[in-house]
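Reader: I would like to learn how to read a sheet and a core. Can you take me through one example?

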Amino acid sequence: MDCPAGCDVEMTDLEGDHETLRECKECGGLWINVADLNRILLHNNLLGLEGQGGKVDAEALTGNCPECKVDLVRVDGGDRAHPLHFDSCESCGGIFLESEFADAADAKQAEAKIITFFRNFDAKRKTRAAI
């Protein structure tokens with residue numbers, strides 16, 4: 001599977017517990033299928049991907065899904081001080097998280113970074129709920 005960021009390198013599987021985590025050694029991006037992502041989120045008391053919120057940026061050109069070869073859609077979240085985004089395939093639901101995952105040595109470290117990312121992703125919803 002080639003990196004959707006256009007690195008022109010094949011992504012490598014990260015060793016771990018039956019997850020579909022793949023990393024690009026060039027840009028540090030991480031690919032995960034939606035079922036594994038939801039499992040990680042739910043096992044860590046976070047909402048599944050559909051409950052995470054975010055806003056689709058229809059104008060962002062983010063590449064093609066490495067599995068389906070269709071366009072990826074950028075989803076923006078976080079807050080103004082700490083904007084975050086991920087790319088998602090509208091066909092298979094795969095998720096591409098960019099370079100903030102570059103130093104994950106294995107699936108366990110990548111999973112910890114995914115949990116932190118999504119704890120911060122829907123900061124606006126969490127702020128509104130606290131008011």
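Predicted model: local features only at pLDDT ≥ 70, side-chain atom pairs only at ≥ 80, totals over all residues.

Reader: What is the strand order in the open sheet of 7 strands?

Author: The order is β1-β2-β3-β7-β6-β5-β4, and the pairing is antiparallel. β1 (12–13) and β4 stand at the edges; each has a single partner strand, so one side of each lacks a neighbour in the sheet.

Reader: Which strands does α2 lie across?

Author: α2 lies across β3, β5, β6 (83–89) and β7, at about 115° to β6.

Reader: How do I read the largest nonpolar core?

Author: Start from the general idea. In soluble globular proteins, nonpolar side chains tend to be buried together. Here the largest such core has 20 residues; Leu21, Leu37, Phe86, Leu97, Ile114 and Phe118 touch the most other members. Two or more residues each come from β3 (30–32), α1 (34–43), β7 (95–97) and α2 (107–121). α2 gives the most, with 7 residues. Beyond four places in sequence, the contacts of leucine 21 include Leu30, Ile32, Ala110 and Ile114. A second, separate core has 9 residues, among them Cys3, Met11, Trp31 and Cys89.

Reader: Is threonine 62 buried or exposed?

Author: Buried means under 20% relative accessible area. Threonine 62 is at 11% relative accessibility, so it counts as buried. Threonine 62 sits in the loop between β4 (55–57) and β5 (72–78). A polar atom of its side chain lies 2.9 Å from the backbone oxygen of leucine 72.

Definitions and conventions
Residues numbered from 1 in each chain as written. Heavy atoms only, no water. Core = buried A, V, L, I, M, F, W, Y, C linked by side-chain atoms within 4.5 Å. Buried < 20%, exposed > 50% of the residue type's maximum accessible area, 1.4 Å probe, protein only. Helix = DSSP H or I, 4+ residues; strand = E, 2+ residues; numbered from the N terminus. Contact = heavy atoms within 4.5 Å. Polar contact = N/O pair within 3.5 Å; in protein donor to acceptor, adjacent residues only side chain to side chain. Pairing = 2+ DSSP bridges. Axes fitted to C-alpha atoms, helices over the stretch in contact; angles between N-to-C directions.
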